[in-house]
Amino acid sequence: MKKKHSAWRSTILCCSIACFAIRATGQQSQQPSNQGEKQSGVATGAAHPAVKDSQSRPITAGGFVDDAPVVFLDVSKPAGLDKFHHRSGSPRKATILETMGSGVAFLDYDNDGWLDIYLLNGSTVAAMKSQEPQPKAMLLHNNHDGTFTDVTEKAGIANERWGFGVAIGDYDNDGWPDIYVANYGKNRLYHNNRNGTFTDVAEKAGVALGGWSTSPTWGDYDRDGRLDLFVPGYVKFDLDHPPIAGQGTIPQNFCQFRGIEVMCGPRGLPGEPDHLFHNNGDGTFTDVSVRAGVADASRYYGLAAVFVDVDDDGWLDLAVANDSVPNYLYRNRHDGTFEDISYASGFALSEDGREQASMGIAVGDYNRDGKVDLFTTTFSDDYKTLYRNDGGGSFSDVSYRAGLASPTIPFLSWGTAFIDYDNDGLLDLFIANGHVYPQVDQQDWGTTWAERPQLFRNLDGSKFKEVPPATGSGLADVVSARGAAFGDLFNDGHIDVVLNNLDSTPVLLRNVIENGNHWLTIKLVGGPKSPRDATGAKVFLSAGGVRQRMDIFSGGTYQSNSDPRVHFGLGPAKTVDSIEIHWPSGFKQMVDVAALNRDGLNRVITIQEGATPSWELSPSTAKKH
């Protein structure tokens, strides 16, 4: 990998109603290892000057613009999401276990054509020791009218363990989505019984594990038509013997941030291994982590993972975002094993050769060159990183060039996704934010415990610009966000967002953009040689002279799972020129779009592998036409 150095950068950050001049300093390259003597806690960047708005508020909880266009409205309460309340340890956040939060998943569990919401919950030490009731996860059924109903008890998926990550996949190819939940403690595999209920089969299936698991991802890595499962591990943590600064293997400075005492970790704590489970096709899985070469011998701290074909050879590769240590990128060798190309690809480190505290992963072709790009969220005092895919398994950090570095430095970021929020045909970028140290609110550092989310508009396929947070809108919500899921909850052609917030109620951000742009959402159904839910498929759509790519993947973001359908914003185009699907089986299908153009766009359609599309409207959109 070419070694890159970043010089002092001087930039003007225009955020909200005032512009702020800040100087972002490039960090001196460090050895990519677990040796963090010069670093502390989770932080991997150096301290930056505070950025404040015109009212002297830290930009992470300020910078609101009174006359800005409203993109998202917070409809959490009228939608019924305020029934759920997340819990995670004590407000002091004395241990790392209490700070990492939980994920959220979108899935159509009852196959009625509408996305439902599954929110994971955390726990407390007292609950884990059976001294108080365990907090429960919640499944919210979509009522098709903008509201959701709690059906957790009937569904039987309350989890009642310290929940962290969730991934959706139809592992038995019966046409119904199943749920894998990663916990501190044993994990769960909820099999969909096709009647509104689920059964936990993790023990029987051999995927229960133990320890501390984070963001799972499903994918058919060996192309046998069945979804396999990858589960990252974070740190080894003992409830009865939490880490203490200066004791054991933990240096004192590993439990400090900018000179103040904070919780310990992850540096100084032993890491958990990662696990790859091969689907045997009989309801059981085999742990093939070591044989496949993805067991994480370095015991890095995994926080997000996604199966996606980064080199376009038709086989799923594997990306893992690691906390405070280098990221992993594994290339599929087509023989059941993977090659570690983390450093050679450029994905392991930042542009200036630093390991970062990576939290979440976004996947998407933001520059419309036909190759899938990656974006990772990181800690405060560090920029969030856009990796442009240069082809052949090689990536370049273009964060500063793209305009994403300076505006993101003060924020501590988690869930993220490329979404076309305005349906103009260019993928924009959403970032969920919130700090891990409550102590930052007592300091004048320009960062806060609760933070507003960020939305960056893709201007031209190479540059992004932050969308001003309109006062009173969803972008002005100041919350301690962690997990984030993205998708069209209301089947109206707009991408919505749900944030699972630490120690609070979740936020549902409804997309209310009205600009006349057209759109098309596609649900894929795999054939006999592909996973039934088409995870791993690629869809190329051309309209108005522009070719877009969307991938179907499981997991990603941060400990969460988004809409399993692909959504295309088409701008002013009123017809589609072509649709090409690369199925997981290797079959490439050109779709006849004549009937689609005759009947019109702005709808949800279903395409089955190898079949001639009927273009029948889904139940959710038929009434609109």
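Analyst: The account below begins with the pocket and the cavity and then turns to strands, a disulfide and a loop. The model is a predicted one.

The largest pocket holds about 600 Å³ of space. Its lining is made up of 31 residues, and those nearest the centre are Asp 108, Asn 111, Lys 523, Leu 524 and Pro 564. Two or more lining residues come from each of strand 4, strand 8 (162-169), strand 33 (518-525), strand 39 (603-608) and helix 9 (619-622). Of the elements that contribute, strand 33 gives the largest share of the lining, three residues. Sorted by class, the lining of the largest pocket comprises 14 nonpolar, ten polar and seven charged residues.

Over the whole structure, three cavities of 30 Å³ or more are found. The largest cavity contains about 420 Å³ of space. It is lined by 27 residues, with Phe 418, Met 550, Phe 553, Ser 562 and Asp 563 nearest its centre. The elements that supply two or more residues to this lining are strand 22 (361-364), strand 26 (413-419), strand 30 (481-487), strand 35 (546-551) and strand 36 (566-571). By class, the residues around the largest cavity are 15 nonpolar, seven polar and five charged.

Strand 4, one of the elements at the largest pocket, also belongs to a sheet. This is an open sheet of four strands in the order 4-5-6-7, paired in the antiparallel sense. Strand 4 (104-107) and strand 7 (148-150) are its edges; each has a single partner strand, so one side of each has no neighbour in the sheet. From one strand to the next, the twist averages 25°. Within this sheet, strand 5 (residues 116-119) and strand 6 (residues 138-142) are joined by three bridges in antiparallel pairing. Ile 117 has Leu 140 of strand 6 as its bridge partner. As a general point, side chains in a regular strand alternate between the two faces of the sheet.

Four strands form it in the order 18-19-20-21, with antiparallel pairing. Its edges are strand 18 (302-308) and strand 21 (338-340), each of which pairs on one side only. The twist in this sheet averages 20° from one strand to the next. Strand 20 (residues 328-332) meets strand 21 over three bridges, in the antiparallel sense. In that pairing, Asn 332 stands opposite Phe 338 in strand 21.

Strand 32 has two pairings to describe. Strand 32 (residues 507-511) is mostly covered, with four of its five residues buried. Strand 3 (residues 72-74) pairs with strand 32 in the antiparallel sense over three bridges, and Leu 73 stands opposite Arg 510 in strand 32. Strand 31 (residues 496-501) is also an antiparallel partner of strand 32, again over three bridges. There, Leu 499 has Val 507 in strand 32 as its bridge partner. Strand 31 and strand 32 form a hairpin with five residues between the strands, and in this hairpin Asp 503 adopts a positive phi near 55°.

The structure contains one disulfide. This disulfide joins Cys 255 to Cys 264, with an S to S distance of 2.0 Å. The disulfide is right-handed, because the torsion about the S-S bond of Cys 255 and Cys 264 is about 110°.

Pro 91 is located in the loop between helix 1 (76-79) and strand 4. Its relative accessible area is 70%, so Pro 91 is exposed. Pro 91 and Val 363 are separated by 272 residues in sequence, and their C-alpha atoms are 33 Å apart in space. The loop of Pro 91 runs up to strand 4, which is among the elements that give two or more residues to the lining of the largest pocket.

Note on methods. Residues are numbered from 1 along each chain as its sequence is written. This is a predicted model: local features need pLDDT of at least 70, side-chain atom pairs count only at pLDDT 80 or more; totals for chains, interfaces and linings use all residues. Side-chain values use heavy atoms; hydrogens and water are left out. A disulfide is a pair of cysteine sulfur atoms within 2.5 Å. Two strands pair if DSSP finds at least two bridges between them. Axes are lines fitted to C-alpha atoms, for helices over the stretch in contact, and angles run from 0 to 180 degrees between N-to-C directions. On a 1 Å grid over the protein atoms alone, a cavity is a set of points where a 1.4 Å probe fits but cannot get out, and a pocket is an open set with protein on both sides within 12 Å along at least five of seven lines; lining residues have an atom within 4 Å of a point. Grid points are joined across faces, edges and corners, and a volume is the space filled by probe spheres set on the points. Ala, Val, Leu, Ile, Met, Phe, Trp, Tyr, Cys and Pro count as nonpolar, Asp, Glu, Lys and Arg as charged, and the others, Gly among them, as polar. Buried means under 20% relative accessible area, exposed over 50%, partly exposed in between (1.4 Å probe, protein chains only).
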